[in-house]
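Work through the exercises below with the model open. Try each task before you read its solution.

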Amino acid sequence: MDTDKHRSELGTKNPTSSYLFFSVPLCLCGVVLFLAVNTSAQWVKQNVDTTASLRGLSVVNDKIVWASGTGGTVIRTIDGGKTWKVIIVPGAAKLDFRDVEAFDADTAYILSIGNGESSRIYKTTDGGATWKEQFRNKNEKAFFDAIACLGRNSCVAMSDPVDGHFLLLSTASGGSKWEEERNRMPDAKDGEAAFAASGTCLIAQEMRERPHLRIFLVSGGTEARVFRGLSTIDSGLFWQVVDTPVTRGTAGSGIFSVAMLDDKNGIIVGGNYEKPNEAKDNLALTTDGGKNWKLGTGLSGYRSAVSYIDRSTIIAVGTNGTDISRNGGKTWTKIGSEDLNAVAAKGKRSVWAVGPKGGVYRMK
């Protein structure tokens with residue numbers, strides 16, 4: 001689903017001189033601590049020569065970051081943001097690349113959205129100098145939203161429901177061949193779809209325990225559900241679907257993004273894109289691998305993307321700003337009002353976000 005279609009007191013006392021002597025320094029210390037916490041994280045806008053609306057984002061490490069967006073645009077830095085290469089994929093100037101999956105300075109997949117042939121997958125192995133079109137959608141009912149990869153060779157891409165089921169493609173050959181998955185997914189409900197808002201409505205996760213692979217797909221619209229694809233060596237990929245307490249019921253509401261810290265702990269965010277300042281039922285957490293989701297609070301509005309920075313630090317972004325949690329999602333603090341679409345991190349030293357009008361930001 002294309003989200004661009006759905007614009008989204010202190011009490012007083014009569015203190016003694018002794019009380020004043022001790023309380024004032026303590027109070028000042030508290031103010032200093034408060035300011036330190038709230039100014040320790042802030043976005044620094046990067047100088048990138050593009051006006052594309054950016055939604056795809058892939059952070060490889062401290063130096064290498066890829067992003068993608070409208071006008072067939074892909075951008076890349078290999079020096080931590082000091083310089084950026086702006087690429088227009090040949091023959092794709094009318095496409096909107098909503099997702100990018102990168103592995104190093106040379107190798108990346110990009111996925112464009114849209115009905116019919118507008119949904120495509122390209123790959124580069126030379127840093128964007130050349131691109132090979134690997135897949136072009138021929139199904140007029142399909143609208144692809146995101147791509148997720150476990151490695152250079154194994155990836156999966158998804159479309160909104162076709163004939164009552166989310167449509168999935170997969171490759172185990174680096175994209176030389178994409179095949180439609182035999183559909184074992186539970187039925188999609190009428191009006192249920194996924195959001196192509198940040199490329200994070202679909203993620204793939206390698207597990208430490210069996211089953212060895214999980215795919216998470218999150219939905220919105222009339223529903224707000226989490227589809228868990230579980231893969232084992234013996235039985236292949238099978239699916240479970242879980243309802244969540246996240247808001248739903250309109251074309252612009254539901255779950256927009258999912259992130260998993262490990263086999264057990266994860267987070268989903270969303271809300272109502274058409275009411276960006278509405279901070280209700282837009283966050284849920286799991287501690288059992290996605291079998292159950294408990295409603296959380298603290299986000300200051302609709303959020304289109306979420307990412308773990310480390311085991312306790314989580315960051316979520318949306319059209320009215322950024323929220324950060326330093327205790328695993330229990331409480332949140334708003335740290336900026338930049339209009340952002342996507343966020344991704346590789347540790348505290350490499351936290352990035354992208355947004356409209358060529359907006360690229362690094363967290364300081």
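The exercises cover cysteines and charged side chains in this predicted model.

**Exercise 1.** Find the disulfide and give its handedness.

*Solution.*
- Start with the cut-off: two cysteine sulfur atoms must lie within 2.5 Å.
- The sulfur atoms of Cys149 and Cys155 are 2.1 Å apart, so this pair is a disulfide.
- The count for the model is one disulfide.
- The torsion about the S-S bond is about 105 degrees, so the disulfide is right-handed.
- Cys149 and Cys155 are both buried.

**Exercise 2.** Which side chain of opposite charge is nearest to Arg214, and how far away is it?

*Solution.*
- Locate Arg214 in strand β17, residues 213–218.
- The nearest side chain of opposite charge is Asp263, 4.4 Å away.
- A salt bridge needs a nitrogen-to-oxygen distance within 4 Å.
- Arg214 is buried yet has no salt bridge.
- Its side chain does reach the backbone oxygen of Gly289, at 2.9 Å.

**Exercise 3.** What parts of the chain does the salt bridge between Arg311 and Asp262 tie together?

*Solution.*
- The side chains of Arg311 and Asp262 meet at 3.0 Å, N to O.
- Arg311 sits in the loop between β25 (305–308) and β26 (314–318), and Asp262 in the loop between β21 and β22 (266–272), so the pair joins parts 49 residues apart in sequence.
- Arg311 is exposed, with a relative accessible area of 57%.
- Asp262 is buried, at 16%.

**Exercise 4.** Which residues are linked in a network of salt bridges?

*Solution.*
- The model has 13 salt bridges by count.
- Glu117, Glu133, Arg136 and Lys138 form a linked network.

Technical notes
Residues are numbered from 1 along each chain as its sequence is written. This is a predicted model: local features need pLDDT of at least 70, side-chain atom pairs count only at pLDDT 80 or more; totals for chains, interfaces and linings use all residues. Side-chain values use heavy atoms; hydrogens and water are left out. Buried means under 20% relative accessible area, exposed over 50%, partly exposed in between (1.4 Å probe, protein chains only). Helices (H or I, at least four residues) and strands (E, at least two) are DSSP runs, numbered from the N terminus. Lys and Arg count as positive and Asp and Glu as negative; His and the chain ends are not counted. A polar contact is a pair of N or O atoms within 3.5 Å; within protein, one must be able to donate a hydrogen and the other to accept it, and residues adjacent in sequence count only if both atoms are side-chain atoms.
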